[in-house]
Amino acid sequence: MIELLTETATQEPQRIRGLEMPWNRVMGSTEGPASAARALGPWHPQEFMAECVETVPEAGGMMTFVFRRCDGAPLAFRPGQYVNVAFPVNGEDQDPADRSYSLSSSPTQPWTFDITVKCDPTGLVSPWVHENVKPGTVLEMLGPVGAFHLPDADRRARYLLLAAGAGITPIMSMVRTIHSLPGQADVVVLYHGAEAGGFAFHKELAYIASVDSRIKVFYSLGDRSKPEGWEGLSGRLTAAMLDEVAPDANGRQVYACGPEGYLNTATELLQKVGVDDTSIYMEFFSGDRQTLLEYQAELALAVDIAEEIAEEIADSAEDYYESQPAAFGLYEPGYDAEGTLKATGLPLETVDPDTPSPDARPEAATPDASSFDTVGTGSLTLSFMRTGINVRIDPAEHILEAAQRAGVRIGANCKEGMCGSCKVVKLSGDVEMNHQGGIRAREIAAGKFLPCCSTAKTDMVIDA
């Protein structure tokens, strides 16, 4: 029986041309039946609560968390996008730590969705996630967000997908999506990992490649030595390696995700093998190293003890998000003549509101922005109250760029409205903000905004 099965000739499936996402026709349809499927279209990011329903251990210290929306709606997203998740790492009564994670599942199965988290033992969030997020855990999320995704329709559908380390997560969403869709496609996946047993999803990737002739998967161990029996590639990404796995790379759309150094190298090599810039799409884990070093300096100036933390931040871009310290919650007890006040508090007394308390301190005078030095040119003025400077700005210019050029210290990382590290408070004025999930509605309502992706509509006063 086995011999008969192996000898049976197999034929290639007959397919329609190209790939089309299942919601693509709904977006332009006015027909009644099609309107019922509009819930599956990834129209815009939403804030929602989601319940974990399953956890799946993956290779390489990663864990997949399967969620479903608590309101019962599907999560409509494009393959490659991500969600921003609020993790209560410091307790339910403290501000959560927001982190963005790529969706690793396929949007063609929208009733549940996956995020895959790599555990960094020295990090703040990922160890908490691995230890505490279980079936039944409910978390606040925002999404989908991100411009790194496959097109809604592609008549050619010829892709080169590059991943390094945890960068496989959005690439996995793309592979799963393509595998689930009908249509012609030609997909090459090149996946770099640190060790032979550390390639997440390798069993599923092997299965997909074995049953779907449209998808080919290659592995490389980077610059590590090859273990006995290793049949994959070895060495860092090179032009020769690209030519080996995809000699026609210059005719493909390239999607790449991984650490900064890997993607910088990939960009240079893809140009060498003839891939046009317009065909290259990158998803960076974080900002470039110069940005991290600038932020390191800001931390060191802010608090004396930040030197040790800042050195850890500078070690690698991948560790940056996970190594941020929790906000310091300082408490100083009150005193009276008898010593420390007890928890029951002082007896209540009637006080004349017009009589100042003998212990009252005069309020700090609010700085007068008219006395600040003014720099720059433009039709609008940004007054930075902590720095003590006025910055003239053009309405089309992003606020962060003008602020940093004038010497205003604002921590920033991605500079694309994703990470939220540049978040500041506007005391007055209006902005136009086009963020990618780095800020939540409650924060916007409290007056916060992301200067990296915001332009001024009026004169502004900013607490920075």
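In the predicted model, Arg176 is in contact with Ser104, Ser105, Ser106, Asp114, Phe201 and Glu204, when neighbours within four places in sequence are left aside. Arg176 belongs to helix H5. Its relative accessibility is 15%, and because burial is assigned under 20%, Arg176 counts as buried.

H5 (residues 168-180) and H6 (residues 202-211) have axes 11 Å apart and pack at an angle of about 30°. The crossing of H5 with H6 is left-handed. On the H5 side, the contact is made by Met172, Val175, Arg176 and His179, while H6 contributes Glu204, Leu205, Ile208 and Val211. Classified by residue type, this contact comprises five nonpolar, one polar and two charged residues.

Within the parallel sheet, S9 and S10 are paired over seven bridges, and Leu161 stands opposite Val189 in S10. S10 is largely enclosed by the rest of the structure, because six of its seven residues are buried. S12 and S13 run parallel and are joined by five bridges, with Tyr255 opposite Tyr281 in S13.

The largest nonpolar core contains 34 residues, of which Tyr159, Leu161 and Ile171 touch the most other members. At least two residues of this core are supplied by each of strand S9 (158-164), H5, strand S10 (186-192), H6, strand S11 (215-220) and strand S12 (253-258). The greatest contribution comes from H5, with six residues. With residues up to four places away in sequence not counted, Ile171 touches Phe148, Leu161, Leu162, Ala163, Val189 and Tyr255. Another core, of 26 residues, lies apart from the largest one and includes Ile389, Val391, Ala456 and Ala464.

An open sheet of six strands is also present, in the order S5-S4-S7-S2-S3-S6, and its pairing is antiparallel. Its edge strands are strand S5 (97-102) and strand S6 (113-118), each of which pairs on one side only. On average, and with direction ignored, neighbouring strands of this sheet are turned by 40° against each other. Strand S2 (residues 46-58) and strand S3 (residues 62-69) run antiparallel and are joined by eight bridges. In this arrangement, Glu54 stands opposite Val66 in S3.

Definitions and conventions:
Residues numbered from 1 in each chain as written. Predicted model: local features only at pLDDT ≥ 70, side-chain atom pairs only at ≥ 80, totals over all residues. Heavy atoms only, no water. Axes fitted to C-alpha atoms, helices over the stretch in contact; angles between N-to-C directions. Helix = DSSP H or I, 4+ residues; strand = E, 2+ residues; numbered from the N terminus. Left-handed = near helix turned anticlockwise from the far one by under 90°. Contact = heavy atoms within 4.5 Å. Nonpolar A, V, L, I, M, F, W, Y, C, P; charged D, E, K, R; others polar. Core = buried A, V, L, I, M, F, W, Y, C linked by side-chain atoms within 4.5 Å. Buried < 20%, exposed > 50% of the residue type's maximum accessible area, 1.4 Å probe, protein only. Pairing = 2+ DSSP bridges.
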